[in-house]
Each structure stands twice: as C-alpha cells, then as structure tokens.
Amino acid sequence: MNVLVDYQLHFGDAHHDSEHQNAIVVRDLNLWYPDGNHALQDVNVEISNQEVTAFIGPSGCGKSTLLRCLNRINDAIPGIRIEGEIELMGRSIYDPEIEINKLRRRFGWVAQSPNPFPKSVYENVAYGPKIHGLCNSKWELEAFVEDCLKAANLWDEVKDRLHEPGTGLSGGQMQRLCIARALSTKPDILLMDEPCSALDPLATAKVEALIEELKRKYAIIIITHNMQQAARISQRTAFFHLGKLVEAGDTEDLFMNPKTEKCRDYVSGRYG
Ligand SMILES: Nc1ncnc2c1ncn2[C@@H]1O[C@H](COP(=O)(O)OP(=O)(O)OP(=O)(O)O)[C@@H](O)[C@H]1O
Ligand SMILES: [Mg+2]
C-alpha cells in the first residue's frame, strides 16, 4: 500500500471514529541533551482526545522538551539522545514509514509570544495548506482560510483587512491568527507552549474561550505557569519536576487532593 494512503488511514481523522482512544501515549521516554543533561526521565503519559491536558511544573522541569518530542522537533538537535516510545493515534511516531513532514502536520504549534509571519493575515493562514497541497483551487483555499479564521474566532475582526500585515494586529488578535495558522494544516493535536503569557486579561479570556471550543475537535496540550488557567481550562493535568512526571490525573483531583508533597506545594504556590 502506498505510504501516504496508509498514513491517512491510520492518522486521518482517527479520533472522530473513537472518542475515547488516546491521541498520544508516551512510554518510558528518556531524553538527554547533547551536554548530557537528562532532561526527561522515564516519562509515561497519556493524552486523551477532545480534552485539554495542562503541563505544569517549575521552570526547567522539561515541559517544552516533552512538547517538542511529540512532533519530533527535538530530533533535529545534533547529539540529542531520545529513548522510549511515543504513539500518535495508536501508531509509533518513529515508524520509519512515516514521512516526518506529514507527521508534523498532524500537530498545530502555538508559541509563547504571538509570532505571525511577516506576511498578510491571509497568507499567514494560506501558507500551510499551500505547502502541504491541502487545497485544490484558489477558491477552495480562500474558503478554507475563512474557515480557519472563523474557527479561531478572528474572522469578524479581520475580514476587511485580510491583505494587511498580520503583524499589524493587536497582541490578542495576533495570537488568534497564530491559532488559525496552527489549524490550517488540519492537525489532530494542538500544542500550546504558554500561549497566553504575553497577553492581557481580556485577550487571555478570548484565547481561553477559544480553547474551550477547539477541544471538541482537537486534543490540546497547554503548558502554563498560571495555576488558575490550568484549573479553568484543562480536564487533565500533568505535574513535572526536574525531568520527571511526578503526578498526573483529573485536573480537579490534582488541584484539590494532590498526592505528592511536591505537587501540593507547587499548586498551592509555595514553590516554583
Ligand atoms: N536545546 C537545548 N539544549 C540543551 N539543554 C536544553 C535545551 N533546551 C532545554 N534544555 C534544558 O533542558 C531542561 C528542560 O528545559 P525545558 O525548556 O523543557 O523546561 P520547561 O519546563 O519548558 O521550562 P520553562 O517553564 O522555563 O519554559 C532545562 O534544564 C533546560 O536548560
Ligand atoms: Mg518551556
């Protein structure tokens, strides 16, 4: 079977067929940076579909490192060593038959500070589908860009300025533009690394409301240093400390009844 077709069968919209399947399973993951730093140590975690999972923990505990393992961005670092298994929709991300660009397309990435390309609002969203050949005509592309901007709750604010620079929007609008861009490759999973840390409270509230809507369609992992935010928007939380996953579970449980002292201290703001 053609690899691409095979890939689509395994990965394309798989989570719509079975709501309860895990989007991601990480097993016994270990990572050493080239300087020998053992940044992830025996990490096991499961990420459910149609839920928001929050990664929390003190600075340097490995949250971003783990996120960058999922879409295999870390693989590009010369001298890095990664051991263990990561499955996306039941299939190893290290399967040699999987093309890395097609794997990365399954993940939408939203960074800490809004970072639109220095291009128009339209081109920011049209770029991904163009390079991945996801639309067959200009008309289809235009309709798809509109869909992505609507899904990011941004369309009404930008529909009359689609051809103005994306960098000319407000911070909160730029971050929603980046979310529209993340959606434009038709991902299964959204990876968000502190997406609200550069936003004011109103812009943060809009992004949080958007995450609440997006979780119906995507598995979402959000890294946040804001405990209230984790409690507000996530259904599951994983607490990391010094490269280890210390505790993971239902968000309310983890915040109300943390099982470990480290987690209790962290979520109560006594540490970190
Ligand atoms: N490219 C890299 N090369 C070497 N070491 C790195 C690299 N990136 C991160 N590290 C180290 O790996 C450890 C985990 O870093 P990571 O960025 O994953 O932490 P984090 O939990 O995301 O922290 P923060 O909350 O500050 O963003 C830290 O000790 C960090 O210094
Ligand atoms: Mg980080």
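**Sheet and loop residues in a predicted model**

Mentor: In this predicted model, four strands make up an open sheet, ordered E2-E1-E4-E5, with antiparallel pairing.

Trainee: What makes E2 and E5 edge strands?

Mentor: Strand E2 (38-48) and strand E5 (91-92) each have a single partner strand, so one side of each has no neighbour in the sheet.

Trainee: How do you know that E1 and E2 are paired?

Mentor: Pairing requires at least two bridges between the strands. Strand E1 (residues 22-32) is joined to E2 by seven bridges, so the two count as paired. They run antiparallel.

Trainee: Which residue of E2 stands opposite Val25?

Mentor: Glu46 is the residue in E2 opposite Val25.

Trainee: What is noted about the phi of Gln50?

Mentor: Its phi is near 55 degrees, which is positive, and Gln50 is a residue other than glycine. Gln50 lies in the loop between E2 and strand E3 (52-56).

Trainee: Why is Gln50 called partly exposed?

Mentor: The class lies between under 20% (buried) and over 50% (exposed). Gln50 has 24% relative accessibility, so it counts as partly exposed.

Trainee: Where is Met89, and what is its phi?

Mentor: Met89 sits in the loop between strand E4 (81-88) and E5. Its phi is positive, about 50 degrees, although Met89 is not a glycine.

Trainee: Is Met89 buried or exposed, and why?

Mentor: Met89 has a relative accessible area of 5%. Buried means under 20%, so Met89 is buried.

Methods. Residues are numbered from 1 along each chain as its sequence is written. Chains are lettered from A and ligands numbered from 1 in the order in which they are written. This is a predicted model: local features need pLDDT of at least 70, side-chain atom pairs count only at pLDDT 80 or more; totals for chains, interfaces and linings use all residues. Side-chain values use heavy atoms; hydrogens and water are left out. Buried means under 20% relative accessible area, exposed over 50%, partly exposed in between (1.4 Å probe, protein chains only).
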